[in-house]
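Student: Could we go through the pockets and helix contacts of this model together? I'd like to begin with the open spaces.

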Amino acid sequence: MSDGGERPRVSVVRDGHVLLIGLDRPEKRNAADLRLLRELSLAYGLLDRDPELRVGLLHAHGDHFTAGLDLADVAPAVGPDGLDVVPEGGLHPWQVEGRQLSKPVVAVVQGTCLTLGVELALASDVVVAADDARFGQIEVSRAILPFGGATVRLPRRVGWGDAMRWMLTGDLLDAAEALRIGLVQEVLPRAEALGRGLELARRIAAQAPLAVQATLANARLALREGDRAAESQLQPELVRLMRTDDARIGHEAFLARTDAEFTGR
């Protein structure tokens with residue numbers, strides 16, 4: 001995903017139907033400069049459009065998930081309309097503008113996870129944390145606001161009071177508190193976290209991909225447009241899915257008591 005001669009800031013590795021997307025600037029605690037943000041956007045674009053890819057696994061190389069924005073590099077790029085980090089073929093990693101990612105993402109977080117890192121976790125669908133993870137939505141201490149979706153997603157994920165407790169103070173919270181409030185779904189020892197995230201991603205990837213995507217899309221529709229909008233699509237989506245090859249494959253596997261091998265068609 002590199003756009004030049006330097007080592008890429010984001011690693012991209014295929015594992016069957018799973019795309020492992022790794023923040024890879026460990027010498028800077030994976031602080032996100034423009035290069036990293038654009039490579040991350042391209043990785044998300046690849047995940048979205050490649051029919052062989054069913055799930056993303058977002059992780060980070062080194063001891064830390066991310067120290068947040070590399071402000072020295074990014075701040076000068078903020079123009080009158082904000083910050084543009086999505087090149088052609090990319091997809092906004094926080095999905096706060098443009099097309100929404102159609103496939104689920106599992107995130108694995110370790111060490112320091114600040115600002116945009118928390119927002120990447122919030123934009124993911126399942127989050128696994130190492131027990132040494134520390135989270136901080138610290139933008140107010142830098143005289144800006146969380147602009148990657150935390151103001152929308154964090155209150156919805158953890159409740160108003162807990163969201164404001166952490167966003168308005170800029171304090172750090174540990175993995176145990178992140179689990180308690182629902183920011184993450186599992187906490188494991190550091191050595192086990194990535195393996196658990198990959199296990200969950202593979203488990204999702206083994207399901208019928210069109211059904212997974214439809215389930216994800218309907219849940220997001222409910223959040224964005226309300227229950228009635230999502231409910232209106234339930235029966236039409238059921239009819240559409242029942243006509244797929246995967247529905248036949250699933251039915252035959254059920255009758256034969258075998259594991260289904262879904263094709264995504």
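Student: How much space lies in the largest pocket?
Tutor: About 470 Å³ of space lies in the largest pocket. A pocket here is an open set of points on a 1 Å grid over the protein atoms alone, with protein on both sides within 12 Å along at least five of seven lines, whereas a cavity is a set where a 1.4 Å probe fits but cannot get out, and lining residues have an atom within 4 Å of a point. Grid points are joined across faces, edges and corners, and a volume is the space filled by probe spheres set on the points.

Student: And what should I keep in mind about the model?
Tutor: This is a predicted model, in which local features need pLDDT of at least 70 and side-chain atom pairs count only at pLDDT 80 or more, while totals for chains, interfaces and linings use all residues. Residues are numbered from 1 along each chain as its sequence is written, and side-chain values use heavy atoms, with hydrogens and water left out.

Student: Which residues lie nearest the centre of the largest pocket?
Tutor: Of the 18 residues that line the largest pocket, Leu122, Arg153, Arg156, Arg157 and Leu223 lie nearest its centre. Helix α8 gives the most to this lining, with five residues; helices are DSSP runs (H or I, at least four residues) numbered from the N terminus.

Student: How does the lining divide by class?
Tutor: The lining of the largest pocket has seven nonpolar, five polar and six charged residues, where Ala, Val, Leu, Ile, Met, Phe, Trp, Tyr, Cys and Pro count as nonpolar, Asp, Glu, Lys and Arg as charged, and the others, Gly among them, as polar.

Student: Switching to helices, at what angle do α3 and α4 cross?
Tutor: The axes of α3 (residues 116-123) and α4 cross at roughly 60 degrees and come within 10 Å, the axes being lines fitted to C-alpha atoms over the stretch in contact, with angles from 0 to 180 degrees between N-to-C directions. That makes α3 oblique to α4, since angles under 35 degrees count as roughly parallel, over 145 as roughly antiparallel, 65 to 115 as roughly perpendicular and the rest as oblique.

Student: Which residues make that contact?
Tutor: Glu119, Ala121, Leu122 and Ala123 of α3 meet Ala150, Arg153, Leu154 and Arg157 of α4, with contact meaning heavy atoms within 4.5 Å.

Conventions
Helices (H or I, at least four residues) and strands (E, at least two) are DSSP runs, numbered from the N terminus.
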